[in-house]
Amino acid sequence: MTNTENVLLETTQVQSALTVRSAADVEWAEEADLVVVGFGGAGVSAALQGAESGGHVIAIDRFDGGGATAYCGGVFYASDTSIQREAGVTDSADEMEKYLAAESAPVQADTLKRFCQGSSADFDWVNRYVPFSGALYTGKAQYPPEGKFLYYSGNEKVPKYAEVAKPAPRGHRALGAGYTGNVFFEGLRKAAMEAGVKLITHAPVRRLVMDTEGQILGVEVHRIRPDAIDEHQKLYSEVNPQMPFKGLQYQVAIEKCQKFEAENSEPAFIRAHRGVVLSTGGFVYNLELLRQHRPEMASAYGEILRLGSPGCDGSGMALGATAGGYVDLMKNMFIGKTTSPPESLLHGLLINAEGKRFISEDAYVSVVGGAVAEQPNNGTAYLVLDAKSFWSAFWNALTIGRSMFLFFGLPTLLNILKGGTRRSGSLQGLAKKLGLPGKTLQDTVQRYNEFIITGKSDPFGKQPANIAPIGKGPYYALNMSIRNKFSLTPVFTLGGLRVNEETGGVLRRDGSTVSGLYAAGRTAVGLCSAGYMSGMSLADLVFSGRRAAMHALGQQ
Ligand SMILES: Cc1cc2nc3c(=O)[nH]c(=O)nc-3n(C[C@H](O)[C@H](O)[C@H](O)COP(=O)(O)OP(=O)(O)OC[C@H]3O[C@@H](n4cnc5c(N)ncnc54)[C@H](O)[C@@H]3O)c2cc1C
């Protein structure tokens with residue numbers, strides 16, 4: 001086992017697989033064709049697909065189900081959909097494939113093709129149970145404003161990508177107010193229940209059962225005692241990835257929850273005749289693993305916003321490792337820095353502690369976040385604005401609309417008011433207040449303005465629509481540093497178990513698959529594991545969840 005696999009086992013309460021001569025050696029409490037471990041987005045997709053394929057499915061969740069998916073923005077990345085057509089958008093699987101290839105998807109070319117060619121069908125499948133809308137937003141935003149449900153959710157319009165693939169709005173947000181991951185999950189959950197999936201809640205899976213040939217036979221769950229379920233759910237609710245500024249408190253709750261489970265559960269075995277799907281999410285709430293792969297994020301855990309549910313501790317990866325599977329791309333993470341909405345913030349200049357620009361301000365939120373994280377002085381960065389853009393952003397943040405206020409308006413205002421914003425009548429004065437060297441800030445601004453005045457394109461690739469010269473002072477600098485908790489840094493993990501890309505079967509290092517074991521969603525390496533754009537995680541977990549179920553039940 002590698003260091004990572006050892007840490008996974010030490011920190012997740014997962015035990016080494018139980019090896020028996022045959023299934024008859026175990027006293028099974030329940031049995032099914034397909035057992036799905038973790039009932040979030042990937043789990044519900046696998047379970048529903050399994051039931052639709054005619055299998056008897058048991059889904060098991062450590063808590064109540066939903067996971068990160070039920071908290072998320074509900075944005076699903078897809079091309080050539082009925083919703084795009086309703087909005088008058090022309091798009092195709094081929095253009096989506098060209099775009100995603102340029103973004104470097106960490107999968108084989110034919111997997112990317114299959115994903116893109118099947119995108120419209122996957123979307124239709126979801127849309128049978130989850131409402132969407134063609135209300136189109138053509139501006140630049142990490143998340144569409146209230147009342148808008150279809151938008152450019154990645155880097156499609158950034159010149160470098162627009163040159164290789166025709167841009168199209170592919171971010172489909174589930175219909176509802178504010179973040180609509182709950183609408184997305186609830187639609188699929190209801191369909192799964194109606195299709196006959198049996199759901200066992202408050203039952204962390206702690207061990208795989210396999211025979212001496214390595215065939216997976218089932219799982220061992222540690223069911224929380226009935227009288228302890230309310231308390232267990234309460235512990236779960238103490239972590240809310242939509243609520244920032246509580247990083248330290250969340251860590252305490254995570255540790256308390258693990259201890260509580262160990263003291264209040266009873267084991268039982270569940271037989272899986274055709275396969276086990278591991279869909280327990282990522283590992284952003286496993287501090288030890290974060291330390292191992294992104295120490296700079298681990299040391300900032302009090303300030304960053306870990307986007308996950310308490311179940312995101314990597315236990316599915318640990319289970320896979322006990323059967324011979326291996327994890328990969330564990331360093332890859334979504335690290336976000338939001339510069340829009342409000343859109344007028346895009347008119348500013350992002351600079352580092354040396355007073356230099358380092359990224360296009362309108363690049364996708366995780367491209368900006370990843371770049372900020374790499375800047376000197378533990379990811380120190382400032383957004384420099386002139387008076388007009390600053391006050392316009394301030395006003396936009398105040399009037400952004402009720403349900404968007406919590407996610408975008410309020411964080412912007414809080415950062416302006418409490419994050420250490422600096423103001424000065426001159427750029428030189430501002431540089432002095434920020435402790436920046438000499439004339440660098442003035443030079444950076446001057447160079448930027450010259451590019452605009454002379455009509456040249458921005459060297460960092462900022463889109464013309466988001467460019468405005470830095471005009472009259474007073475000038476403002478918003479603190480965008482990683483260690484500033486008021487400038488939100490949302491983070492979630494992208495690496496996981498390597499799987500056979502045709503079947504979703506968990507792979508051993510020698511390239512063979514573990515018979516009867518599958519992984520999906522953020523437990524596995526998937527289409528978004530090299531870099532995430534809004535909607536790609538949901539799209540990948542539907543693709544990978546359905547793939548695993550279909551293959552386990554012999555439909556592929
Ligand atoms: C605020 C926020 C906004 C986001 N917005 C978007 C967006 O708009 N679009 C997008 O594509 N992505 C978005 N993401 C990311 C996306 O939500 C996640 O990457 C995705 O939902 C992960 O899905 P999953 O099925 O792999 O895991 P989850 O949805 O987290 O499900 C895992 C489930 O497994 C259970 N579990 C864990 N361990 C065990 C165990 N040992 N035994 C049994 N059960 C277990 C957990 O309780 C959980 O219910 C967002 C995330 C957040 C938090």
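**Close-up views of a predicted model**

**View 1. The loop that holds H202.** H202 is found in the loop between β8 (198–200) and β9 (205–211), where strands are DSSP runs (E) of at least two residues and helices are DSSP runs (H or I) of at least four, numbered from the N terminus. Although H202 is not a glycine, its phi is positive, at about 50 degrees. Most residues other than glycine have a negative phi, and most peptide bonds are trans. This is a predicted model, in which local features need pLDDT of at least 70 and side-chain atom pairs count only at pLDDT 80 or more, while totals for chains, interfaces and linings use all residues. Residues are numbered from 1 along each chain as its sequence is written, and side-chain values use heavy atoms, with hydrogens and water left out.

**View 2. The peptide bond between G473 and P474.** The bond from G473 to P474 is cis, and its omega is near 0 degrees. P474 has its place in the loop between α20 and β18 (475–479).

**View 3. The surroundings of the ligand.** The ligand is surrounded by 40 residues, of which the closest are A42, D61, T69, S537 and L538; a residue is counted here if one of its heavy atoms lies within 4 Å of the ligand. An oxygen atom of the ligand is 3.1 Å from a polar backbone atom of G41, an oxygen atom of the ligand is 2.8 Å from a polar backbone atom of A42, and an oxygen atom of the ligand is 2.6 Å from an N or O atom in the side chain of D61. Polar contacts of this kind are pairs of N or O atoms within 3.5 Å. Taken alone, the ligand exposes 1000 Å², and the protein buries 97% of that, with areas from the Shrake-Rupley method and a 1.4 Å probe. The elements that give two or more residues to the shell around the ligand are α2 (41–52), α3 (67–71) and α21 (536–552).

**View 4. The helix pair α19 and α20.** The axes of α19 (residues 427–434) and α20 (residues 440–453), which are lines fitted to C-alpha atoms over the stretch in contact, come within 8 Å and cross at roughly 130 degrees. That angle makes α19 oblique to α20, a word for angles that are not under 35 degrees (roughly parallel), over 145 (roughly antiparallel) or 65 to 115 (roughly perpendicular).

**View 5. The helix pair α10 and α11.** Helix α10 (residues 229–237) and helix α11 (residues 247–263) have axes that come within 9 Å and cross at roughly 160 degrees, so α10 is roughly antiparallel to α11.

Methods. A polar contact is a pair of N or O atoms within 3.5 Å; within protein, one must be able to donate a hydrogen and the other to accept it, and residues adjacent in sequence count only if both atoms are side-chain atoms. Axes are lines fitted to C-alpha atoms, for helices over the stretch in contact, and angles run from 0 to 180 degrees between N-to-C directions.
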